Amino acid sequence: MAVELVAGHGVRIDGFPDLTYGLTGAEVCDLVERRTRLHRTWGCGLTWSFGWHLDGVSVQAGGGPDRLADTFAVSRRTVFYRAGREGLAAHEPVVFAGVDVFEWTAEEVVACLRSDGHEVSERTQIVRVGAELCLYRWDGPGRPFTDAWLSRPYPDDPDAPQYRI
């Protein structure tokens, strides 16, 4: 089962209908609860937020001030079910623009996205890709990203979603 982060659209998960920007919390619950257990989560600046677990990753959907889905997050979980590449814990592929953003080191992911023409800005632990995607690494250089936040940019303030989460 792969998780695909799609700029301008939302999240695609194998076996689920597309979870798109603009869904209500009730619609997200209806789509997800048919396939797995849902739980309430918290996200800074979100009016609602729900999460669920897949192999090695947790997924979260949340809505902002207009109460419609505008944020999707995927995080590596600390408990995993099978061994992964080079001793890393296994996870479902989390793909953005054809790159599994959790499989390779942060430096490799950044280089690949830049070579594909994406605008990438880096800080110590946070990498922004365009106006919609933030990738986080908590373990320092040479380690993979552990969290990815996809946020719908708002027409009046395209950078705001990156700082709300």
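Modeller: Two strands are said to pair if DSSP finds at least two bridges between them. In this predicted model, strand 5 (residues 48–54) and strand 6 (residues 57–63) meet that condition, with seven bridges in the antiparallel sense. Within this pair, Ser-49 has Gly-62 of strand 6 as its bridge partner.

Both strands belong to an open sheet of eight strands, whose order is 4-5-6-7-13-12-11-10 and whose pairing is antiparallel. At the edges stand strand 4 (39–40) and strand 10 (120–122); each has a single partner strand, so one side of each is left without a neighbour in the sheet.

Helix 1 (residues 25–33) touches strand 5 and strand 6, and its direction makes about 15 degrees with that of strand 5. Helix 2 (residues 106–115) touches strand 10, strand 11 and strand 12 (133–136), and the angle between its direction and that of strand 10 is about 150 degrees.

Strand 11 (residues 126–129) includes Ile-126. Apart from neighbours within four places in sequence, Ile-126 is in contact with Ser-121, Cys-134, Leu-135 and Tyr-136. Tyr-136 lies ten residues from Ile-126 along the chain, yet their C-alpha atoms are separated by 4.7 Å.

Key: Residues numbered from 1 in each chain as written. Predicted model: local features only at pLDDT ≥ 70, side-chain atom pairs only at ≥ 80, totals over all residues. Heavy atoms only, no water. Helix = DSSP H or I, 4+ residues; strand = E, 2+ residues; numbered from the N terminus. Contact = heavy atoms within 4.5 Å. Axes fitted to C-alpha atoms, helices over the stretch in contact; angles between N-to-C directions.
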